[in-house]
Amino acid sequence: MWQSVTLEAAADRAEALSEALMEHGALSVSIEDADAGTDAERPQFGEPGHLPSGLWDHSRVVALVDAGADLLALLSAAAGDAGVAEVP
């Protein structure tokens, strides 16, 4: 059994937060457009020869963790490692 947690992050912290979550025990992490489905949505394409312009201004970081994991400890440690002042 797993649990999923979704965090909001600015573009300059989303990648670091994703990596820190993996380092602290997340089973998988994805970064999505927090503005998806709105007028502010910004598509990203990773076609060969076309590099994405960067992460979304408002990113959603979704982590999958083991159901028995200490979620608060994992999130606090990952946020600290990613330079985020508090758990988003």
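User: Happy to look at this one together! Which residue with a positive phi follows helix 1?

Analyst: Good place to start, and keep in mind that this is a predicted model. Helix 1 covers residues 11-23. The residue with positive phi that follows helix 1 has a value near 115°, and it is Gly25.

User: Thanks! In what order do the elements of the protein run from the N terminus on?

Analyst: The protein has two helices and three strands. Helix 1 spans residues 11-23, and helix 2 spans residues 71-81. Read from the N terminus on, the elements run β-α-β-β-α.

User: And how do the three strands line up in the open sheet, in what order?

Analyst: Strand 1 and strand 3 (residues 58-66) pair over nine bridges in the antiparallel sense, and one bridge in this part of the model joins Trp2 to Asp66 of strand 3. The pairing in the sheet is antiparallel, and the order of the strands is 1-3-2. Strand 1 (2-10) and strand 2 each pair on one side only, as edge strands. From one strand to the next, the twist averages 20°.

User: Nice. At what angle to strand 1 does helix 2 run?

Analyst: Let's take both helices. Helix 1 lies across strand 1, strand 2 and strand 3, at about 155° to strand 1. Helix 2 lies across strand 1 and strand 3, and its angle to strand 1 is about 30°.

User: Which residues of helix 1 are buried?

Analyst: A helix repeats in a way that helps here: with 3.6 residues a turn, residues three or four places apart point the same way. The cover over the buried residues of helix 1 includes strand 1, strand 2, strand 3 and helix 2. The buried residues in helix 1 are Ala14, Leu17, Ser18, Ala20 and Leu21.

User: Why does Ser59 count as buried?

Analyst: Ser59 sits in strand 3. Leaving aside neighbours within four places in sequence, its contacts are Leu7, Glu8, Ala9, Ala11, Ala14, Ile31, Glu32 and Ala34. A polar atom of the Ser59 side chain also lies 3.1 Å from the backbone oxygen of Trp56. Ser59 counts as buried because its relative accessibility is 0%.

User: Now an electrostatics question. How far from buried Asp33 is the nearest side chain of opposite charge?

Analyst: Asp33 belongs to strand 2 (residues 28-33). Leaving out residues up to four places away in sequence, Asp33 touches Glu41, Arg42, Trp56, His58 and Arg60. Asp33 has no salt bridge, and the nearest side chain of opposite charge, that of Arg42, is away by 6.7 Å.

User: What is the closest N and O distance in the salt bridge of Arg60?

Analyst: Side chains of opposite charge can pair when their charged atoms come close. The count of salt bridges here is two. Arg60 pairs with Glu8, and their closest N and O atoms are apart by 3.8 Å. That pair links Arg60 in strand 3 to Glu8 in strand 1, 52 residues apart.

User: Which residue forms a salt bridge with Asp57?

Analyst: Asp57 is exposed because its relative accessible area is 52%. The closest N and O atoms of the pair are 3.7 Å apart, and the partner is Arg42.

User: Last one: how far apart in space are Pro43 and Trp56, C-alpha to C-alpha?

Analyst: Pro43 is in the loop between strand 2 and strand 3. It is exposed, since its relative accessible area is 54%. In sequence Pro43 and Trp56 are 13 residues apart, while in space their C-alpha atoms are apart by 8.8 Å.

Key. Residues are numbered from 1 along each chain as its sequence is written. This is a predicted model: local features need pLDDT of at least 70, side-chain atom pairs count only at pLDDT 80 or more; totals for chains, interfaces and linings use all residues. Side-chain values use heavy atoms; hydrogens and water are left out. Helices (H or I, at least four residues) and strands (E, at least two) are DSSP runs, numbered from the N terminus. Buried means under 20% relative accessible area, exposed over 50%, partly exposed in between (1.4 Å probe, protein chains only). Lys and Arg count as positive and Asp and Glu as negative; His and the chain ends are not counted. A salt bridge is a side-chain nitrogen of Lys or Arg within 4 Å of a carboxyl oxygen of Asp or Glu. Contact means heavy atoms within 4.5 Å. Two strands pair if DSSP finds at least two bridges between them. Axes are lines fitted to C-alpha atoms, for helices over the stretch in contact, and angles run from 0 to 180 degrees between N-to-C directions. A polar contact is a pair of N or O atoms within 3.5 Å; within protein, one must be able to donate a hydrogen and the other to accept it, and residues adjacent in sequence count only if both atoms are side-chain atoms.
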